[in-house]
Amino acid sequence: FMVDWEVDIYVTGSNSHMMSSEISTYLTGRYVSFRIFTLSFGEYLMFKSHYTEVGEPKTELVDYVRLGGFPATHLQEFSQDEVYTIVRDIYNSTIFSDIVKRNQVRKIDQLERVVKYTFNNVGNTFSAKSISDYLKAEHRALDNETVYSYLEKLEKAYLLFDLQGKEILKTQEKFYLADTALRYSVLGYNADSVASSLENVVYLELCRRGYTVNVGKSGSSEIDFVAVRQNEKLYVQVTQELHSLKTEKREYDRLLEIRDNYPKYVLTTDEFSGGNYEGIKTMHIADFLLSPEY
């Protein structure tokens, strides 16, 4: 008597004993790994609807960017301080268990300074030398290789995602966080950082949908995201507001320089965003995040 069982086994746990890169050594050909992200904007709205009335998506986006998408922070109505306390505990656990303890990092203050610099420069192109120079100015000498070593450890612990443009030298890279709340729980909330956090949110959504995302180059201009999935491609510019003709021209001109016929988007939080301009689709970021297909 035989039974044909169809069973999937999911293994989870702390990264402190085995990172994803090492799992492949022990389980070659015997497993499929996939990345779990924090709550998407749509999932965040669903979680929130269980304990409070959900407002209009364009309004809710403000709280989503500020509070992030860790599920534990949205099981009930927490204050901002309570959310950041929970996220800070997640951050501290990852830093000290998955990075410091596992790698026997002795100069924890150096690691934390690298973390804070990186968190403060989300979406900006910078190099290890930039961090080294910053630390030297604070009388904290740290060589480039050590900086790269710390960044690599942060990536392996899934706190950071490295976004490296194909035409950008390895010494110049962009990083985004696994969740925007990480930034605010460590550095404190700052309204001036919302623009780069919106980029972070869009980047994560593209990754959730299976796109490989890179920085794009068009002449001397930079395209925020070039997203590729099999034979599909998207070009995306993210800007908090198209508040002037100069800003509008800058965002659209970068995309107009690209001569192929793949979809191109300018995403913004302008109240009346929408429509098309010479084939470029303008969308509110909330609408983009909730759209089933682009």
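Predicted model: local features only at pLDDT ≥ 70, side-chain atom pairs only at ≥ 80, totals over all residues.
Most residues other than glycine have a negative phi.

Strand S8 (residues 280–284) is mostly covered, since 4 of its 5 residues are buried. Strand S8 pairs with strand S6 (residues 264–268) in the parallel sense over 5 bridges, and within this pairing Tyr 265 stands opposite Lys 281 of S8.

Strand S8 also pairs with strand S7 (residues 275–277), to which it is joined by 3 bridges, but here the two strands run antiparallel. Tyr 277 has Ile 280 in S8 as its bridge partner. Strands S7 and S8 form a hairpin with 2 residues between them, and in the turn Glu 278 has a positive phi of about 50 degrees.

Strand S1 (residues 160–163) runs antiparallel to S2 and is joined to it by 4 bridges. In strand S2 (residues 174–177), Lys 174 and Tyr 176 point one way, while Phe 175 and Leu 177 point the other way, and all of these residues are buried.

Across the pairing, Phe 161 stands opposite Tyr 176 in S2. Phe 161 and Tyr 176 also belong to one aromatic cluster, which they form together with Phe 37, Tyr 203 and Phe 225.

## Aromatic pairs

A pair of aromatic rings is described by the distance of the centres and the angle of the planes. The count of aromatic pairs in this model comes to 15. In one of them, the rings of Phe 41 and Tyr 64 have their centres 5.3 Å apart and their planes at 45 degrees, so the pair is tilted. This pair links distant parts of the chain, with Phe 41 in helix H2 (residues 41–49) and Tyr 64 in helix H3 (residues 57–67), 23 residues apart. Both Phe 41 and Tyr 64 are buried.

Another aromatic pair is formed by Tyr 184 and Tyr 189, whose ring centres are 4.9 Å apart and whose planes make an angle of 65 degrees, an edge-to-face arrangement. Tyr 184 is buried, with a relative accessible area of 1%, whereas Tyr 189 is partly exposed, with a relative accessible area of 33%.

## Helix H9

Helix H9 (residues 194–208) has 15 residues that, at 1.5 Å a residue, should span 21 Å, and its end C-alpha atoms are 21 Å apart, which agrees. Helix H9 is mostly covered, with 13 of its 15 residues buried, and just after the helix Gly 210 takes a positive phi of about 90 degrees.

Leu 198 has its place in helix H9 and is buried, with a relative accessible area of 3%. Its C-alpha atom is separated by 8.7 Å from that of Thr 180, a residue 18 positions away along the chain.

Rolling a probe the size of a water molecule over the atoms shows where empty space is left. Searching the whole structure finds 1 cavity of 30 Å³ or more, and the largest cavity has a volume of about 40 Å³.

The lining of the largest cavity consists of Tyr 64, Gly 68, Gly 69, Asp 179, Thr 180, Val 201 and Leu 204, and these residues divide into 3 nonpolar, 3 polar and 1 charged. Two residues of this lining, Tyr 64 and Thr 180, have already been described: Tyr 64 pairs with Phe 41, and Thr 180 has its C-alpha atom 8.7 Å from that of Leu 198.

How values were computed:
Residues numbered from 1 in each chain as written. Heavy atoms only, no water. Buried < 20%, exposed > 50% of the residue type's maximum accessible area, 1.4 Å probe, protein only. Pairing = 2+ DSSP bridges. Phe/Tyr/Trp six-rings, centres within 6.5 Å; stacked < 30°, edge-to-face > 60°. 1 Å grid on protein atoms, 1.4 Å probe; cavity = no way out; pocket = protein on both sides within 12 Å on 5 of 7 lines; lining within 4 Å. Points joined across faces, edges and corners; volume = space filled by probe spheres on them. Nonpolar A, V, L, I, M, F, W, Y, C, P; charged D, E, K, R; others polar. Expected span 1.5 Å × (residues − 1).
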